[in-house]
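Dear colleague,

Please find below the structure that I am handing over to you, followed by a summary of what was found in it.

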Amino acid sequence: MLRKRYDQRVVVLVEVRGEQRDWDEAERLFDQRGWPVVAGFARGVGASRGVLRAAPSARLYSVEVRFFGARNRRTEQAAAWRVEQLARAVGLEMYARRCELVDRDREQLTGWRVHTVDHRPPRAPAPGPVTRMARLRRAVGVSRARISERRGYHDTGMVVTGTASEARRLSRMNLPGGSAPGAAVDVRPFYGRERSHIVPRREEDGWQRVFRFVAWLLAMAFCAAVARQHSGVRVWVWAGIAVLCFVGGARLAYGLFAVGGRVRSLLMCGVVAVFLLAVSLGAGDGRARTPAQMLSAFAVTATVGGIWLLVRQWTWGEWLAWAAPLVFAVAVSCVVASGSVLHALYADGLGVTPDVLDVPGIWQATSAVKLLSLLSYALLVPALWGIAKHVHAPFVSPVERLGVPLYVCAQLAVVAVCGLGALDSAREAVDDFRTAAVRKTAPPSYFGVAPEWMCVEPTVPAAKLGSRGGVLKPEHPYLSFGEAGGTVSLWDASAGGPLQMSAEQVRLVPAADGRVRCTFSYGTLPKDG
């Protein structure tokens, strides 16, 4: 059986009530989920003697419940939730009577490389008087030996971990199945110099403190950016909040190591704080980050981290069974089917059909990327859901009945906001186009749609000129969307609507802008009749 992946291990005293078949079913379910059963005994017997009243219809199991998530004050409660979820799913009367976290946080041991010491100058001086030159040569030899050791010229390839004294003893011991060192050896740390007065925290505890430290300093940078956007009393209010955030980060930095390293940590805190303030206030490139930009960056970071926390719990079988086909189908449908969604909204705002715009494929793909970027904000809800599940938030617990409706409502709200963002993108482009048409200036392009001012010269008599949406006035320039399907589509600024006619009946001549008056050579216009 494949090993089940997990983050936390909690020993839970599970009480199962019923008959023998219920107990057998519970043991089978524990095995399916990869929860080892440490011990099993009747209630009131063994460890529960004198603690719980004996009951022949109840049996106790000491089960090691394994699951994903962070280690915090709700980890034991999360184990109880999973037992309760299992009981509801299979219809067994099962209770988590006691939950106790198994502390398996790894210690961060110092790594050492083993090297020989034959190159070092002898400690005992040569017989006879010691001259100043001899002492100088010995000092130079010791310095050269230390430099060559730090560069790894004398490494044996053996590595050991532990304190300095443990590392030396481990490097010189006879390893069962190995061999004793053939020469005198010593050790050097992997990086820099060994600082025995600094004791790092355990691995997970240290990372959690680092994350909280970074969060405090990011909040400080955000408050500083907000203070820069205001004036008067608000500046001092936001600046004061930024100072409090820095104090919170410095307090965490002061305790990043279990023992020692206080000055080093505070110095690091100051350097990181200055760097973040320089980035947020634009000290490097002169462009200060706005609060909206910083919130967007935080949202992207939170989305990436939350999605990773969510999908890391999926197995390869789940990915191949439904997640990968679903992602592929959504991606293909968005890229292929939504390539013209923004153009369709743009055309609808102008009262024309998307075929009139005749957008090249590269610009349709670009608009699809834009649409996907707008819809990507919908990933924020599952990302926050993944973060909440990782920290064992009560409202996303497996036994919370309102969790799924809450998630669905939040997701629908965000999708609606993303859809409104796509509508706003096309609406703003339409408003810019109408404004340019009224002011007789060149309108901005919109994903490959670049209307141009054109003088429209009829090639047939006016009586035979067929137009839809209005009457052509050749002396006035029109904004042209180009020719598509044998039809020329124009924008009549005076009527505020589209004007279409056959491409065989007119000839388009570029105009400088909408203020010029179109004139044609004498005799070029066909006469009626």
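At what angle do H5 and helix H6 (residues 233-254) pack, and how far apart are their axes? The model is a predicted one, and in it the two helices pack at an angle of about 165°, with 8 Å between their axes. Because angles over 145 degrees count as roughly antiparallel, H5 is roughly antiparallel to H6. The crossing in which H5 passes H6 is left-handed.

On the H5 side, the residues that meet H6 include Arg209, Arg212, Phe213, Trp216 and Met220. On the H6 side, those that meet H5 include Val235, Trp238, Ile241, Phe246 and Leu252. By class, this contact of H5 with H6 comprises 18 nonpolar, two polar and two charged residues.

The axes of H13 and helix H14 (residues 403-439) cross at roughly 145° and come within 9 Å. From H13, Val381, Pro382 and Trp385 take part, meeting Gly403, Val404, Tyr407, Ala410, Gln411 and Val414 of H14. Seven residues of the contact of H13 with H14 are nonpolar and two are polar, with no charged residue.

The largest pocket holds about 1300 Å³ of space. Strand E1 (8-17), helix H5 (203-229), helix H8 (291-311) and helix H13 (380-390) are the elements that each give two or more residues to its lining. Which element gives the most to the lining of the largest pocket? That element is H5, with nine residues.

The lining of the largest pocket is made up of 14 nonpolar, eight polar and ten charged residues.

How many cavities of 30 Å³ or more does a search of the whole structure find? The search finds one. The largest cavity contains about 60 Å³ of space, and its lining consists of Trp81, Arg82, Lys389, His392, Ala393, Val396, Ser397 and Pro398. These lining residues of the largest cavity divide into four nonpolar, two polar and two charged.

With kind regards

How values were computed
Residues numbered from 1 in each chain as written. Predicted model: local features only at pLDDT ≥ 70, side-chain atom pairs only at ≥ 80, totals over all residues. Heavy atoms only, no water. 1 Å grid on protein atoms, 1.4 Å probe; cavity = no way out; pocket = protein on both sides within 12 Å on 5 of 7 lines; lining within 4 Å. Points joined across faces, edges and corners; volume = space filled by probe spheres on them. Helix = DSSP H or I, 4+ residues; strand = E, 2+ residues; numbered from the N terminus. Nonpolar A, V, L, I, M, F, W, Y, C, P; charged D, E, K, R; others polar. Axes fitted to C-alpha atoms, helices over the stretch in contact; angles between N-to-C directions. Parallel < 35°, antiparallel > 145°, perpendicular 65-115°, else oblique. Left-handed = near helix turned anticlockwise from the far one by under 90°. Contact = heavy atoms within 4.5 Å.
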